Amino acid sequence: MVVSVLGGVLVVGLLAVVVATVVAGRQTQRQITKARADQSDAKAKGALPPSLHPKIDPDRCIGSGSCVTVCPETDVLAVLDGRAEVVNPTSCIGHGECLRACPVDAIALVLGNERRGVDIPMVAADFQTNVPGLYVVGELGGMGLVHNAMTQALQCVEGLRRQVPAAQAGVHQLIIVGAGPAGLAAGLAAKEAGLDFVVLEQHSLGGSVLHYPRHKIVMTRPVKLPLYGSLQLGEVRKEALLETWHDIQARAELPLRAGVRVDAVTREADETFRVTTSEGEFCAHRLMLAMGRRGTPRKLGVPGEEQGKVVYRLIEPEAYRGLRCVVVGGGDAGVEAAITLGEVGAAVHLAHRKGVFDRIKRKNQERLDAAVAAGTVTVLIHTTVSAIGKATIDLSVNGAPQTLDNDHVLIFAGGVLPTDFLTQAGVEISTYRGEAYAPANL
């Protein structure tokens, strides 16, 4: 028995050496050199993954390179010294393909890290929170990617449809809050199941995708949607994706109530939910929160922020042509907005409170560097906003006050997790600091 075990260990060890050698042979020296440079640059900046990302166990990894091959972003992972490593953390968008491709289960998908935790509502395997009958799916639950959000929603409806009470007067079987990818998929599944339901959305169909700059390319994997079939878009622009979703919603005749803000949720003594909204109250036996984390933008809390010149997303860049704009933010959304505004002819200052852009994708860093070199974007680091005037903006740049003539301010400071809303509903929240999170079936 001892000989057998030792023999197995030797075989596995030899296999690992052979596989690692083959993979190393596939990677050119230029690719390896570039990967090491990317990794060094990321470490120097203190770059962190934006959301769900792979954590690799070096003791289990055999350097097969399968994770590198399947990654749609192409530059997140690399095999260095016989082991897979994350070399471009900011480029990871949580596809999870690496997890599924690893032949030895050396990869876990995790949220947060030691430096920056991520608050996520606690859910069970069926996406039900600690509040019976209340479910959380999609971006609010840590799954912002289109495919993963839709898959969660479909799995959730498939489970709850089997035990939801029959419809009764004045009480829906299901209320879905949010009309992004998760809400749309949930609505289609509920429609196919013959449930009495309604979708409530504070803005309009699209959810977080509405906040992307125009022409933003969204990466998504194919997903089979009820009443529609296989949604196979691969790499698609924002406008085309939204057009497709509107077509799906119209053809399925989903009961969507747009422009309805949900303010509070209360579980009644009879185990139904009372949903208080900007257009009155709704009641349901089951409640699914498919809201985005960006639905409530984080504000700066400075004088003058309430003015109409201040916005929190970029919809029509051409409307800013020839105007003086300050974009506030150091993430991908803010950088992309600044670059886009510069391209259409706005006078753009990009204000970032840190000294480096440690949360943006490498491609966006390259685009920003090019925009700065071309003079279409002026970057102000170590900069915060002090006050916003009617035709000016007051800044603190490296600790020194500075006033700029200004027409518009665009703030990209991220979204606020609706902690108060969730807590009021009784939902428990957990902070992830690098712990495994993603269900393996995604």
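Two strands are taken to pair if DSSP finds at least two bridges between them. Strands (E, at least two residues) and helices (H or I, at least four residues) are DSSP runs, numbered from the N terminus. Good morning, colleagues. The structure before you is a predicted model, in which local features need pLDDT of at least 70 and side-chain atom pairs count only at pLDDT 80 or more, while totals for chains, interfaces and linings use all residues. Residues are numbered from 1 along each chain as its sequence is written, and side-chain values use heavy atoms, with hydrogens and water left out.

I begin with the parallel sheet. Here 5 strands form an open sheet with parallel pairing, in the order S17-S24-S18-S19-S20. Its edge strands, S17 (310–311) and S20 (377–380), each pair on one side only. S17 runs parallel to S24 (residues 408–411) and is joined to that strand by 2 bridges; Val 311 stands opposite Leu 410 in S24.

Two helices accompany this sheet. Helix H8 (residues 332–343) lies across S18 (324–328), S19 (347–351), S20 and S24, and runs at about 165° to S19. Helix H9 (residues 362–374) packs on the sheet, touching S19 and S20, and its direction makes about 110° with that of S20. For these values, axes are lines fitted to C-alpha atoms, for helices over the stretch in contact, and angles run from 0 to 180 degrees between N-to-C directions. Contact means heavy atoms within 4.5 Å.

How do H8 and H9 pack against each other? Their axes are 10 Å apart, at an angle of about 35°. The crossing of H8 and H9 is left-handed, a term used if the near helix is turned anticlockwise from the far one by less than a right angle. From H8, the contact includes Val 335 and Ile 339, and from H9, Leu 368 and Ala 371. By class, the residues of this contact are 4 nonpolar, 1 polar and 4 charged. In this scheme Ala, Val, Leu, Ile, Met, Phe, Trp, Tyr, Cys and Pro count as nonpolar, Asp, Glu, Lys and Arg as charged, and the others, Gly among them, as polar.

I turn now to the antiparallel sheet. Its 3 strands form an open sheet in the order S1-S4-S26. Strands S1 (53–56) and S26 (435–436) stand at the edges with a single partner strand each, so one side of each is left without a neighbour in the sheet. S1 is joined to S4 (residues 107–111) by 4 bridges, and Ile 56 stands opposite Ile 107 in S4.

On a 1 Å grid over the protein atoms alone, a cavity is a set of points where a 1.4 Å probe fits but cannot get out, a pocket is an open set with protein on both sides within 12 Å along at least five of seven lines, and lining residues have an atom within 4 Å of a point. Grid points are joined across faces, edges and corners, and a volume is the space filled by probe spheres set on the points.

The second largest pocket holds about 530 Å³. Among its 22 lining residues, Pro 49, His 53, Pro 54, Val 86 and Pro 89 are the closest to its centre. S1 gives the most to this lining, with 4 residues.

Finally, the largest cavity has about 100 Å³ of space. Of its 15 lining residues, Cys 71, Cys 92, His 95, Gly 96 and Cys 98 lie nearest the centre. S1 and helix H4 (97–101) each supply at least two residues of that lining.
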